[in-house]
Amino acid sequence: MSRRTLALSGCVSLVVALAATGCGSGSGSAGSADGKVTLKVIGWKGGPSEPAKIKEINAAFEAAHPNIKIDYTYQPANDPYTQKLNAEFLGGTAQDVVMANSAGVARWGKSGYLLDLSDQPWAVDLAVPAAPLTQVDNKTVAQPSEMVGIGLFSNMEILNSAGITEAPATWQELLADLDTLKKAGKPGIALPDKEGWTVDAAINATAASQVFQKDPDWNRRLSDGKTTFAGDTGWKTSVQRLVDLGSKGYVDYKEQLGVSDFSQGPQDFKAGKSAFLLQGSWALADFAKDMPKLRFSPWPGGDDPAQPMATNAVGTMWTINARTKHQDAAKEYLKFWASADALNQYLTAEAAFSPFVSIPSPAVPNTDEYIKAVAAGHFFVLPENSWAGGASQTAMQNAVQALLLGQKSVDATLAAFDTAAKG
């Protein structure tokens, strides 16, 4: 997640650019009488439960930019965050720099509230699969600060007790491990799905290998009407493989539909009730506190052990309010976040991965296989600005739950995906 240098349009220095009215952004970047600028920033990281090194990163920025002060507001990440920003953007009172997710970028970008950042040096350093999530109408309006992984957590203590020494890298290895665990009387895999997220995420993670590894341009072809979920054999394989886990007796889906994806499910995994769990890398720090022998690796949905395919989601992103009077200072702030020094602090705290080509992901413990896949470019990014987000995602999750209950066939589920993707 790296990058870049910002040209200051012929200004001698950043201090001059911020203090003068004739050499800044068109909206003006004048600060206080002493030439200092206070940059207002808001985000849902940096609070008591997720400090994410925000305080330390902001302090380092201020030390490197003595004429810019960061006024950071922590706002919990729930509906009031979006509602608050919706109202403030509409009223012209939003902060200079705003943390956003994919839905916020799409909403605020289409409304014209976000500054076009296409000319920023870091914009050309974005990993190709992540770039579309930062764009609205082919303009870059957001800077990603992380990619979060969605993969397989393995309790190696349980696996070792059954004679298994490595986390599975392929679908065949996963099935073999589940069979070994079952014969040894050990717990196998948990896919809690009360909220509808886990199994749908597992299908998408399987499609990373079955669809996107072979056809990285699949999403564009879907939007152009040149392919469909129902007409793609890779998607059919991806859905069928999850169905097979139930039919082979490795997962009791009716039971798992009553277990919370994000509370009870992870708690049960920590308690040793399963050897495997699909979950996001955001759970890594919590799991590691109680599980000394833990691995986080790409979901083993493919067939080639040499090329496991990771699944990522773009997490937090920074945007600049198009109406800010401090464009230059705001761009400097994003430039700082696109440096290894700042980004690695954030990524390590978040157990996340770099969205930039020139900045490698930090060495987060227990994630060697995942980091290797991302570094090799073997990853797929969920298109949360289209079918993998919002109402489309909810409709797909509902279709998957109907499938697990025996109310839909694989073909009918994929047909429902096509309907959902059309909005």
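Hi everyone, thanks for coming. One thing before we start: what you see above is a predicted model. I'll begin with the open spaces, then go through the parts around them.

Let's take the largest pocket. Its volume is about 1400 Å³. Which residues lie nearest the centre of the largest pocket? Look for W44, N101, W282, G315 and E384; they belong to a lining of 46 residues. The top contributor is α4, with seven residues. If you sort the lining by class, you get 22 nonpolar, 14 polar and 10 charged residues.

Now move to the second largest pocket, with a volume of about 790 Å³. Here 27 residues form the lining, and P132, W218, N219, R220 and P383 are the closest to the centre. Two or more residues come from each of α8, β13 and α17. Of these, α8 gives the most, namely five. The classes in this lining are 15 nonpolar, eight polar and four charged.

There is also a cavity. The structure has one of 30 Å³ or more, and the space in the largest cavity is about 50 Å³. Around the largest cavity you'll find I150, W197, D200, A201, N204, T311, L382, A388 and Q393. Helix α7 provides the largest share of them, three residues. Five of the lining residues are nonpolar, three are polar and one is charged.

Keep α7 in view, and let's talk about helix packing. Two packed helices are described by the angle between their axes and the distance between the axes. How do α7 and α16 sit relative to each other, parallel or perpendicular? Their axes are 9 Å apart, at an angle of about 100°. An angle from 65 to 115 degrees counts as roughly perpendicular, so that is the word for α7 and α16. On the α7 side, the contact is made by V199, D200 and I203; on the α16 side, by Q393, M396, Q397, V400 and L404.

Helix α16 has another partner, α17. This time the axes cross at roughly 170° and come within 8 Å. That makes the two helices roughly antiparallel. From α16, the contact includes S392, A395 and M396; from α17, V410, T413 and F417 are among the residues taking part. Sorted by class, the contact has 10 nonpolar residues, two polar and no charged ones.

Finally, the sheet. Strands of a sheet pair through backbone hydrogen bonds, either parallel or antiparallel. In our model, five strands form an open sheet with mixed pairing, in the order β2-β1-β3-β12-β6. Which strands stand at the edges? They are β2 and β6; each has a single partner strand, so one side of each has no neighbour in the sheet. Further in, β1 and β3 run parallel and are joined by two bridges. To see this in the model, find I42, which stands opposite V98 in β3.

How values were computed
Residues are numbered from 1 along each chain as its sequence is written. This is a predicted model: local features need pLDDT of at least 70, side-chain atom pairs count only at pLDDT 80 or more; totals for chains, interfaces and linings use all residues. Side-chain values use heavy atoms; hydrogens and water are left out. On a 1 Å grid over the protein atoms alone, a cavity is a set of points where a 1.4 Å probe fits but cannot get out, and a pocket is an open set with protein on both sides within 12 Å along at least five of seven lines; lining residues have an atom within 4 Å of a point. Grid points are joined across faces, edges and corners, and a volume is the space filled by probe spheres set on the points. Helices (H or I, at least four residues) and strands (E, at least two) are DSSP runs, numbered from the N terminus. Ala, Val, Leu, Ile, Met, Phe, Trp, Tyr, Cys and Pro count as nonpolar, Asp, Glu, Lys and Arg as charged, and the others, Gly among them, as polar. Axes are lines fitted to C-alpha atoms, for helices over the stretch in contact, and angles run from 0 to 180 degrees between N-to-C directions. Angles under 35 degrees count as roughly parallel, over 145 as roughly antiparallel, 65 to 115 as roughly perpendicular and the rest as oblique. Contact means heavy atoms within 4.5 Å. Two strands pair if DSSP finds at least two bridges between them.
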